[in-house]
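Here is a short briefing on one protein chain.

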Amino acid sequence: MSVFDPVTIALFTGVMFVFVCIGLAMHAMVLKPRASIEARAAVVGRRLRDLGVARRSGDRSELSAKRLDASLTPLLDRLVMRFLPRKLMLIDRLARTGRNISVGTYGAINVILFGLVFLALFKVAGFSGLLSLAVGVVVGLGVPHKFVGWQAERRTKAFNDIFPDAIDLMVRGLRSGLPVTESLASVGQEMADPVGREFRLITDAIKFGTTLEKALWDASDRLGIQEFKFFVISLSVQKETGGNLGETLANLSDILRRRHQMKLKIKAMSSEARASAMILGSLPFIMFGIIFLLNTDYAMELFTDSRGRAMLVAVLLIMGTGILVMRKMVRFEI
């Protein structure tokens, strides 16, 4: 019986459907608390719009267009933008890395990586055209996407580590009699990057005529960091309602420090689960490497035989689903 007969294909499709349903269920269970937080944030956003402190809906498009015009490869960027479904989201995501990565460069990396993987599997390893195409698409799109996410997460962590100190510096400036704009400028001069760089950009925007409120919201979109949004909301609400801004920011600094401590505590408590997930996820690859070293011909049956290739694809899909589920289970949102 061929491995590609209708019964086998139907069974394989049914198993994959079951695993996808399980993954979606686990995904929904993990994201339920996050949805509650986002719902509360939406309520706050509506209240801010009622107070007149929210940004205009066109500000984000305008900011993203400015980033596109400032690119070093505008022709390649506009060519790639023709085929992108969510253009502004990708531009914002690239901006959060803190690196000068244009949309065109990102698209070129996707295409080059896809071509290299496809040729390596199809010409060198002897895989079928359909399998080589599928793996090439996954690697070509997935690796740059994960790299950009890793860079953005790394920069976010560096920002949050020193952001409470920046707020404390601003509080000391306010209590000494400095206006808000001068306090922001002092943070940009005294604090290390990426906090200092972002506050310098805010100060420069204010000097060129942008209002404080708009400059802060533009920085919030550029960063995409929840802690900074708390900071912007605090300034916006204080502007409308009045009160002691220094005391408000001091309380915010204390809250952010406690939030950071809670994240570290959760990371420590979930370290055993994360280690177990890493071991379980990497063990099949380690065992395959050992078998490949001990008996190369036996291990290569997975690549040279059609049944081995089908099994390899099925196992990789199942393992990928399991790894994603374990990753969601050990990641917690505060």
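How many nonpolar, polar and charged residues does the lining of the second largest pocket have, by class? It has 28 nonpolar, 2 polar and 1 charged residues. Nonpolar here covers Ala, Val, Leu, Ile, Met, Phe, Trp, Tyr, Cys and Pro; charged covers Asp, Glu, Lys and Arg; the others, Gly among them, are polar.

This is a predicted model: local features need pLDDT of at least 70, side-chain atom pairs count only at pLDDT 80 or more, and totals for chains, interfaces and linings use all residues. Residues are numbered from 1 along each chain as its sequence is written, and side-chain values use heavy atoms, leaving out hydrogens and water.

**Second largest pocket**
- The space in this pocket is about 1100 Å³, a volume filled by probe spheres set on grid points joined across faces, edges and corners.
- A pocket is an open set of points on a 1 Å grid over the protein atoms alone, where a 1.4 Å probe fits, with protein on both sides within 12 Å along at least five of seven lines; lining residues have an atom within 4 Å of a point.
- Its lining has 31 residues, with Phe285, Leu312, Val315, Leu316 and Leu317 nearest the centre.
- Two or more lining residues come from each of H1 (6-51), H6 (129-175), H12 (271-294), H13 (296-299), H14 (301-304) and H15 (306-329).
- H15 gives the largest share, 11 residues.
- Helices are DSSP runs (H or I, at least four residues), numbered from the N terminus.

**Nonpolar cores**
- A nonpolar core joins buried (under 20% relative accessible area, 1.4 Å probe, protein chains only) Ala, Val, Leu, Ile, Met, Phe, Trp, Tyr and Cys residues through side-chain atoms within 4.5 Å.
- The largest core has 28 residues; Phe163, Phe228, Phe231 and Leu249 touch the most other members.
- H6, H7 (180-190), H8 (195-207), H9 (212-223), H10 (226-241) and H11 (245-269) each give two or more residues to this core.
- H6 gives the most, with 8 residues.
- Another core, of 6 residues, lies apart from it and includes Ile91, Leu94, Val103 and Tyr106.

**Cis peptide bond**
- The bond from Asp193 to Pro194 is cis, with omega near 5 degrees.
- Pro194 sits in the loop between H7 and H8.

**Confidence**
- The chain averages a pLDDT (the predictor's confidence in each residue, from 0 to 100) of 77, and 73% of the residues score at least 70.

Conventions. Buried means under 20% relative accessible area, exposed over 50%, partly exposed in between (1.4 Å probe, protein chains only).
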